Amino acid sequence: MSYSDYFNFKIIKASNKSNARAGLFSTPHGEIETPIFMPVGTNSAVKMLTNDQILATGAQIILANSYHMYLRAGCELVKSAGGLHGWMNFHKPILTDSGGFQIFSLSKLRKITDDGVYFQDPKNGSKHFISPEISMKIQEDLGADIIMAFDECAPYPCDYKQARSALDKTKAWLERCFEAHKNYNQALFPIVQGAFFDDLRKESAEFVSKFDAAGYAIGGVSVGEPTDIKNHITEITAPLLPFNKPRYLMGVGTPVDLINGIKYGIDMFDCVLPTRNARHGTFFTYQGNKIIKNKQFENDFTPLDENCNCYACKNHTKAYIRHLYKTQEATAATLLSIHNIHFLLNLVKDLRKSIIAGNFEEYSTELLNNFKD
RNA sequence: GCGGGUGUCGCCAAGUGGUUAAGGCCUCGGAUUGUGGUUCCGAUAUUCGUGGGUUCGACCCCCAUCACCCGCC
């Protein structure tokens, strides 16, 4: 038995002018056309959206958080409901994050040891411990198609010693994750760490590449660093990962980030930005971000983006959505979420087409010139 | 007509003789990157109903006047 019994990644076309590639990733719950963006559904729900609405955005795979599901709902309950797929009644591919990043970003009180991490639930103060083995067990109970290694994410900025330490733990924990996880219908993705030091990133990428995984992730970016640093790390790290396996850049990002990531050879992305921005009133357009509450949209009877054919753009005007937002109608967040997710998925879809057509570089350059980020 | 009260940013409102007149809502900008679900940050009154006066100095004291509110006749 191996992952290849359940997962297959086929590169349809690779650019010869950049590292961009278009692929097809098969999983137990269906195929994913890459490059792909994965909407985030932290608590086993993409905020503000029903499954029908998620699928209508063009989503092919969504993400859920083992950290959140472990604390609330509980793994036993989800497992007894048939795993996340049965629990949510969502029968497309699902990926779960391991909880490493959430402990890093959400828990105020935490203690990291070689064995694992002690932390407190920020909502009720209850104490918990998660180790690589426990994270694997949690993610096996949740039953996602793709599960993530339990890692330690270094902050930005951080010194070399701290980055070294986090990487050493991440490496040791990765071995324990693979030792604990023997379930080949759930692909375990290793995660590259190394903060913002080229040599650590290289070391980490080479280390994870030694494992026979169905895909590989780059973590530790989008933690507050400037864009050019993030781009540099992505650019030098992605090519060091196995060419014939999907590469996942965690926590990214903006429309511009996706274009750059694809150019560097990334196949999968996830980010809370489209849904969080939506709840806070910001929406993506091909000219850059815009804010729906701005007075300029008060009498604007045009769609959010003239070139978008999402449900919100096909049915509603900026003036109407602005009114919903300002009166705190939840529908505003729903419509903006639909638009933002659809926007990113349509963006990667068009970029995929351009890769296959052989004009990715021209097309992506044209798009970048239009964005005013 | 008489007595009492109130008038400070679009709204609610602190201040009560002493440098640049709190705060909240609204409004207007901005932020957000492996999600603590209406969040966070910033901006907006040369001016305190109006006109005089007292004072070194007045939103704050005095006079007049206007508006509104509550009683009484």
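Me: Before we start, when is a helix crossing left-handed or right-handed?
Reply: A crossing is left-handed if the near helix is turned anticlockwise from the far one by less than a right angle, and right-handed if clockwise. By that rule α10 passes α14 in a right-handed crossing. Helices here are DSSP runs (H or I, at least four residues), numbered from the N terminus.

Me: Thanks! What kind of model is this?
Reply: A predicted one, where local features need pLDDT of at least 70, side-chain atom pairs count only at pLDDT 80 or more, and totals for chains, interfaces and linings use all residues. Residues are numbered from 1 along each chain as its sequence is written.

Me: OK, at what angle do α10 and α14 pack?
Reply: About 25°, with the axes of α10 and α14 (residues 330-357) 10 Å apart. Axes are lines fitted to C-alpha atoms, for helices over the stretch in contact, and angles run from 0 to 180 degrees between N-to-C directions. That makes the pair roughly parallel (under 35 degrees; over 145 is roughly antiparallel).

Me: Which residues make the contact?
Reply: Pro255, Leu258, Ile259 and Ile262 of α10, with Leu344, Leu347, Val348 and Leu351 of α14. Contact means C-beta atoms, placed from the backbone, within 7 Å.

Me: New topic: how do α10 and α15 cross, left-handed or right-handed?
Reply: Left-handed. The axes of α10 (residues 255-263) and α15 (residues 360-370) come within 10 Å and cross at roughly 155°, so the two are roughly antiparallel.

Me: And which residues meet there?
Reply: Val256, Ile259 and Lys263 in α10 meet Ser364, Leu367 and Leu368 in α15.

Key: Chains lettered and ligands numbered in written order. Parallel < 35°, antiparallel > 145°, perpendicular 65-115°, else oblique. Contact = placed C-beta atoms within 7 Å.
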